[in-house]
Amino acid sequence: MNTTNATTTIGVLSDTHGLVRPEVEKALAGCDRLLHAGDVGDAGVLKRLERIAPVVAVRGNTDHGSWAKTLPAQEMVEIEGVFFYILHDRCRLDLEPSAAGIHVVVSGHTHQPELVEKNGVVYLNPGSAGHRRYDYPVSLAIVRIENGKVTPKIIEIQL
C-alpha cells in the first residue's frame with residue numbers, strides 16, 4: 001500500500017464470468033488493491049487477480065459452488081480513509097450509504113458501466129471485464145485516492 005499523501009490506485013471490476021483478459025490484466029497493472037463486484041466465474045479468476053494486487057471480492061448471482069460460498073454477498077472496505085461498499089446488484093442495496101459513512105458504492109450485474117454521484121456518494125459500476133454482452137463495452141474502473149480525494153474513471157478495454 002502506498003504511504004500517506006501518495007496516490008493509492010484501486011482497480012474495480014465485475015462480471016468476469018471466468019474470463020481474465022490479458023488487456024484487463026494490463027489495465028490493472030500497478031494497482032494497489034482490486035475490488036471485484038461479483039459474477040467472478042471461478043476461483044482461478046481470483047488467483048490470477050491476486051498476482052496483480054490484493055483482492056476483495058463479493059459473490060454474484062452466477063457464482064456457485066464451494067469456492068463461491070467463501071465470498072460474502074457484500075463487503076465494506078476502508079482504503080486510505082475512504083469507505084467502499086461492494087455488492088453485486090445495486091438493487092439489493094439495503095442501507096443508506098451517506099448515513100452509513102460510505103463514500104463509494106461499487107456494484108456490477110448490469111454489465112453496463114455507470115458512474116454517478118448522489119448525496120455525496122459515488123455509485124460506480126465498472127461494467128463487465130469478462131465476456132462482451134450485447135453491444136456493451138468491455139470495461140473496468142480505476143479509482144485514485146489522493147489526500148482523501150476520490151477520483152474514479154471508467155476505462156473501456158480495447159480488444
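Which residue of S3 is the bridge partner of His36? I began my notebook with this question, and I kept in mind throughout that the model is predicted.

**Entry 1: the sheet that holds S3**

I looked up His36 and found that its bridge partner in S3 is Ala57. The two strands involved are S2, which covers residues 33–36, and S3, and they pair in the parallel sense over 3 bridges. I then followed S2 to its other partner, S1, and noted that these two strands also run parallel, joined by 4 bridges. Within that pairing, Val12 stands opposite Leu35 of S2.

Next I wrote down the whole sheet, which is open, has 5 strands in the order S3-S2-S1-S9-S10, and shows mixed pairing. Strand S3 (55–57) and strand S10 (149–156) each have a single partner strand and stand at the edges, so one side of each is left without a neighbour in the sheet. From one strand to the next, the twist averages 20°.

I also looked for what lies against this sheet, and found that helix H2 packs on it, touching strand S1 (8–13), S2 and S3, with a direction that makes about 150° with that of S3.

Are the residues of S2 buried or exposed? I checked both faces of the strand and found them covered: Arg33 and Leu35 on one side, and Leu34 and His36 on the other, are all buried.

**Entry 2: a residue of H2**

I turned to Ala43, which has its place in helix H2, a helix that spans residues 43–50.

I then went through some of the pairings one by one. Strand S5 (residues 82–87) and strand S6 (residues 104–106) run parallel and are joined by 3 bridges, and Phe84 stands opposite Val104 in S6. Strand S7 (residues 114–118) and strand S8 (residues 121–125), in contrast, pair in the antiparallel sense over 5 bridges.

The hairpin of S7 and S8 has 2 residues between the strands, and in this hairpin Asn119 takes a positive phi near 55°. Lys118 has Val121 as its bridge partner in S8. I looked at the side chain of Lys118 as well, and its charged end sits over the ring of Tyr123, 5.9 Å from the ring centre.

**Entry 3: positive phi values in two loops**

I looked up His111, which lies in the loop between S6 and S7, and found a positive phi of about 70° although the residue is not a glycine. With a relative accessibility of 6%, His111 counts as buried.

Asn147 is found in the loop between strand S9 (139–146) and S10, and its phi is near 55°, again a positive value in a residue other than glycine.

**Entry 4: aromatic rings**

How many aromatic pairs does a search of the whole structure find? I noted 1 aromatic pair from that search. The rings of Tyr134 and Tyr136 have their centres 5.4 Å apart and their planes at 75°, so I recorded the pair as edge-to-face. Tyr134 itself is exposed, with a relative accessible area of 61%.

**Entry 5: the annotated span**

Last, I consulted the UniProt record, an unreviewed entry, which places the feature "domain: Calcineurin-like phosphoesterase" at residues 10–147. In the model, the end C-alpha atoms of residues 10–147 lie 14 Å apart, and the span is 14% helix and 32% strand.

Key
Residues numbered from 1 in each chain as written. Predicted model: local features only at pLDDT ≥ 70, side-chain atom pairs only at ≥ 80, totals over all residues. Heavy atoms only, no water. Phe/Tyr/Trp six-rings, centres within 6.5 Å; stacked < 30°, edge-to-face > 60°. Buried < 20%, exposed > 50% of the residue type's maximum accessible area, 1.4 Å probe, protein only. Lys NZ or Arg CZ within 6 Å of the ring centre and 35° of its normal. UniProt positions renumbered as here; feature names shortened; annotations may be inferred. Pairing = 2+ DSSP bridges. Axes fitted to C-alpha atoms, helices over the stretch in contact; angles between N-to-C directions. Contact = heavy atoms within 4.5 Å.
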